[in-house]
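User: I am new to this structure. Please show me how to read a few of its features.

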Amino acid sequence: MADGATPRRKSVPDWLNSPIWSTPPATPRHRSPPRAPSPPPPLPPPQPPRDPTPPTPSPPPPAQSDGAGSDNDDGDDAGAAGPSRTHLVADFKAALGRKVLDLAELRRLACQGVPDAAGVRPVVWKQLLLGYLPTDRALWPYELEKKRSQYSAFKDELLVNPSEVTRRMEEMTVSKKEEHNTEGTGVLPRAEIVRDEHPLSLGKTSVWNQYFQESEIIEQIDRDVKRTHPEMKFFNGESSDALSNQESLKRILTIFAKLNPGIRYVQGMNEVLAPLYYVFKNDPDQSNAASAEPDAFFCFVELLSGFRDNFCKQLDNSVVGIRSTISKLSQLLKRHDEELWRHLEVVTKVNPQFYAFRWITLLLTQEFKFRDCVNLWDTLLGDPEGPQATLLRICCAMLILVRRRLLAGDFTANLKLLQNYPPTNIDHLLHIANKLRVPLPY
């Protein structure tokens with residue numbers, strides 16, 4: 001850039017300099033004061049499409065207040081943060097009613113927002129999550145039965161008390177001896193403790209040794225599950241439903257940890273699992289809701305398969321680890337808004353790891369209200385660029401949305417703002433993220 005040039009930096013697109021992209025100072029997170037009743041608003045202006053194709057219409061009106069929408073602390077109403085999507089129900093029903101589903105069409109619709117009605121979201125999420133359900137509807141009953149039976153087998157094999165395992169092994173040993181003594185030697189068979197299978201065994205293959213080694217992980221899972229969305233009666237409380245939901249989450253995470261010894265359980269996985277289980281458990285189809293646990297398990301595995309390197313500590317410093325992913329976010333911000341990047345990382349020295357680590361590893365589940373997170377995941381899971389690239393664009397949009405406050409802040413103010421991100425309109429945020437898909441003019 002030559003000296004004496006205009007103040008606008010070359011790498012900042014014109015649309016970024018509009019004041020409507022800046023979020024006004026927010027009220028305390030998750031605790032917006034009640035608003036007085038107001039007269040019915042006029043018809044809303046057309047909202048920008050949340051479509052994978054770069055949008056060309058003018059930007060939407062700015063959010064009227066951070067965290068717009070009804071304040072339901074329970075969070076059980078996972079309603080849309082934006083305008084009503086009732087008109088999309090017919091489109092989704094038509095797309096899901098085909099004998100062979102068009103995955104590209106489903107992704108296009110999902111990026112516009114999945115309606116809460118008619119049990120659409122559970123089916124769409126299962127379909128979009130890397131093909132948990134096949135595109136051929138005729139195969140759904142067979143595939144669901146196979147997966148659910150497989151999960152039942154996992155529970156029988158991996159969640160059994162070691163005393164029961166030892167008992168079964170003893171019975172097998174006695175049975176073999178009885179067969180061996182069919183000729184009749186006059187010697188009565190007796191139970192024996194199978195070698196290395198006792199509570200004090202240190203053998204690597206001992207079920208007792210493995211049980212005690214895994215007990216620490218299971219205790220951590222138990223603590224984390226009990227802290228999952230304490231504001232929601234669905235996950236917490238003394239009701240039988242809440243306790244049953246907690247037990248389902250514990251079983252899913254325990255089985256995952258045992259089947260994936262390279263990752264095991266990492267604190268925060270419960271937060272990633274919660275939206276999946278919640279959506280499937282609230283399926284209006286009671287037969288599917290009853291199988292929410294196995295369905296959530298396999299979808300959780302599929303979802304984490306695209307992010308597993310972020311949870312593997314041995315890969316933290318590799319080209320695929322969490323530090324590399326955070327570096328990509330930094331580069332994306334520098335590409336689209338070099339002024340903001342320079343102020344954050346050079347002037348105020350706010351290391352992206354201080355805030356982006358949680359954003360990325362927990363897939364933004366801790367930055368927004370639960371119902372907003374569910375709607376954000378519609379795009380995260382449906383975008384054709386994939387969850388990883390979409391997540392980074394959304395994180396970058398979060399920074400741009402509060403750029404004026406960040407540019408005016410110092411290290412302390414900026415770090416506090418980004419670690420306690422203000423409530424915002426999710427449709428507004430996703431529109432900005434979609435803008436970042438457009439190549440910059442040079």
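Analyst: Start with one residue. This is a predicted model. His87 sits in helix α1.

User: Is His87 buried or exposed?

Analyst: Buried means under 20% relative accessible area, and exposed means over 50%. His87 has 57%, so this residue is exposed. Its C-alpha atom is 8.6 Å from that of Pro115, a residue 28 positions away along the chain.

User: Which residues of helix α2 are buried?

Analyst: Helix α2 spans residues 103-110, and its buried residues are Glu105, Leu106, Arg107, Leu109 and Ala110. Their cover includes α1, α3 and α15.

User: What caps the N-terminal end of α2?

Analyst: Asp102 does. One of its side-chain oxygens lies 3.1 Å from the backbone nitrogen of Ala104.

User: How should I read salt bridges?

Analyst: Side chains of opposite charge can pair when their charged atoms come close. This structure holds 19 salt bridges. In one of them, Glu339 pairs with Arg403, with the closest N and O atoms 3.5 Å apart. This pair links distant parts of the chain: Glu339 is in helix α13, Arg403 is in helix α17, and they are 64 residues apart. Glu339 is partly exposed at 34%, while Arg403 is buried at 8%.

User: Where do Glu385 and Arg437 lie?

Analyst: They form a salt bridge, with the closest N and O atoms 3.2 Å apart. Glu385 is in the loop between α15 and α16, and Arg437 is in the segment after α19, so the pair ties together parts 52 residues apart in sequence.

User: Which residues are linked in a network of salt bridges?

Analyst: Asp222, Lys226, Glu247 and Lys250 are.

Terms used: Residues numbered from 1 in each chain as written. Predicted model: local features only at pLDDT ≥ 70, side-chain atom pairs only at ≥ 80, totals over all residues. Heavy atoms only, no water. Buried < 20%, exposed > 50% of the residue type's maximum accessible area, 1.4 Å probe, protein only. Helix = DSSP H or I, 4+ residues; strand = E, 2+ residues; numbered from the N terminus. Contact = heavy atoms within 4.5 Å. Polar contact = N/O pair within 3.5 Å; in protein donor to acceptor, adjacent residues only side chain to side chain. Salt bridge = Lys/Arg side-chain N within 4 Å of Asp/Glu carboxyl O.
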